[in-house]
Amino acid sequence: MAAQHLAALSLDDRPKVSDGVVADAAPGVAWLDARTPGAGWALSVEPFDESDFGLEEGDAVPDLNIDQEDGILSLLNSSQRARAYHVSIYDRTLTASHGTLTSCPCRGRRCTTLSVAVPPRTSVDVCEVEGDALTVDLASDVVDIVEPTELEARTYDVFPLPSEGGPWLCTQASGGLLSHYAHASTYHAVDFRCPEGTPCLAIADGVIHAVDVANEDGGIHVSELFRWNAVTVQLDDGFFAEY
């Protein structure tokens, strides 16, 4: 029945997807892969040059900068590795090349989060931030991108969600640019949209290895973006499945 329903969807009914993420998967988050040609919705993508920011070779380089005159937020990758930038800004309007970036209520405030993959030795002017640059309430999480190693493919017969109630929309695929791409440990994760209380099914026989239920809140702010409750199952074949 689920397969028949999916087959009946028209192209107009199917959700819009970019960089492995459904467009409405995380309202208030804008994602961009600056490793691909073109600037996308960013204002510009340029080779990093210390002199553009009043620096000399060997000087310490900040991860990001908001120009006090024009309010341009720049992500600065002076390293030789691609980096993942997650940046949250409260209560400001952010304007990119295609217009105003959307925001979302978060703990009683208005929040916009950016997820941008920046190649080595590259500067990305992502957007203009309204208001005084010195008083921006900003939080960031910047890490080197760790690509997954090639592993032997594993095939399991059980889907992790029940057939009743489906089909289940995958809102972020493996390597999705919202939160999966930055590290090998999350690269192969997939997200599904389903109602609270939907059962999760073990994909194979095994034993419960770990349970984490400490997280009571969630949201798009970087302080919450990589926190989730989880159950880890050690499968009889020696592999682990995390839900």
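This briefing walks through some features of the structure above, topic by topic. The model is predicted, and its chain has 243 residues, of which 35% count as buried. Its secondary structure comes to 3 helices and 18 strands. Along its principal axes, the C-alpha trace spans about 60 × 40 × 35 Å.

- Start with Arg-193 and Asp-24, which form a salt bridge whose closest N and O atoms are 3.1 Å apart. This pair links distant parts of the chain, since its two residues are 169 residues apart. Arg-193 belongs to strand β15 (residues 191-193), while Asp-24 sits in the loop between β2 (21-22) and β3 (29-33).
- How accessible are these two partners? Arg-193 has a relative accessibility of 37%, so it counts as partly exposed.
- Next, look for Arg-83 and Asp-144, whose side chains meet in a salt bridge with an N to O distance of 2.9 Å. Arg-83 is in strand β7 (residues 83-90) and Asp-144 is in strand β13 (residues 138-144), so this pair ties together parts that are 61 residues apart in sequence.
- Is Arg-83 buried or exposed? Arg-83 counts as buried, at 17% relative accessibility, whereas Asp-144 is partly exposed at 30%.

- Arg-35 and Asp-33 are joined by a salt bridge between their side chains, 2.8 Å from N to O.
- Asp-33 is buried, with a relative accessible area of 13%, while Arg-35 is partly exposed, with a value of 35%.
- Which residues make up the network here? Salt bridges link Asp-33, Arg-35 and Glu-147 in a network.

**The second largest pocket**

- The second largest pocket has a volume of about 310 Å³.
- Its lining is made by 19 residues. Those nearest the pocket's centre are Val-29, Ala-30, Trp-31, Trp-41 and His-98.
- Which strand gives the most to this lining? The answer is β3, with 3 residues. Both β1 (17-18) and β3 supply at least two residues each.
- Sorted by class, the lining of this pocket has 10 nonpolar, 6 polar and 3 charged residues.

**A nonpolar patch on the surface**

- Ile-208, Val-211 and Val-213 make a nonpolar surface patch of about 310 Å².
- Ile-208 is found in strand β16. With a relative accessible area of 54%, Ile-208 is exposed, because the cut-off for that label is over 50%.
- Val-213 lies in the loop between β16 (206-212) and α3 (222-225). Val-213 is exposed too, and its relative accessible area is 63%.

**Backbone features to look for**

- Most residues other than glycine have a negative phi, and most peptide bonds are trans.
- What kind of peptide bond joins Gly-166 and Pro-167? The bond is cis, with omega about 5°. Pro-167 is in the loop between β13 and β14 (169-172).
- Asp-19 is not a glycine, yet its phi is positive, at about 55°. You will find Asp-19 in the loop between β1 and β2. Asp-19 counts as partly exposed, at 41% relative accessibility.
- Asp-91 also has a positive phi of about 55° without being a glycine. Asp-91 lies in the loop between β7 and β8 (94-96). Its relative accessible area is 33%, so Asp-91 is partly exposed.

Key
Residues are numbered from 1 along each chain as its sequence is written. This is a predicted model: local features need pLDDT of at least 70, side-chain atom pairs count only at pLDDT 80 or more; totals for chains, interfaces and linings use all residues. Side-chain values use heavy atoms; hydrogens and water are left out. A salt bridge is a side-chain nitrogen of Lys or Arg within 4 Å of a carboxyl oxygen of Asp or Glu. Helices (H or I, at least four residues) and strands (E, at least two) are DSSP runs, numbered from the N terminus. Buried means under 20% relative accessible area, exposed over 50%, partly exposed in between (1.4 Å probe, protein chains only). On a 1 Å grid over the protein atoms alone, a cavity is a set of points where a 1.4 Å probe fits but cannot get out, and a pocket is an open set with protein on both sides within 12 Å along at least five of seven lines; lining residues have an atom within 4 Å of a point. Grid points are joined across faces, edges and corners, and a volume is the space filled by probe spheres set on the points. Ala, Val, Leu, Ile, Met, Phe, Trp, Tyr, Cys and Pro count as nonpolar, Asp, Glu, Lys and Arg as charged, and the others, Gly among them, as polar. Patches are made of residues with over 30% relative accessible area and no salt bridge: like charges are joined within 9 Å, nonpolar side chains (Val, Leu, Ile, Met, Phe, Trp, Tyr) within 5 Å. Accessible areas come from the Shrake-Rupley method with a 1.4 Å probe; for residues, only the protein chains shown count as cover.
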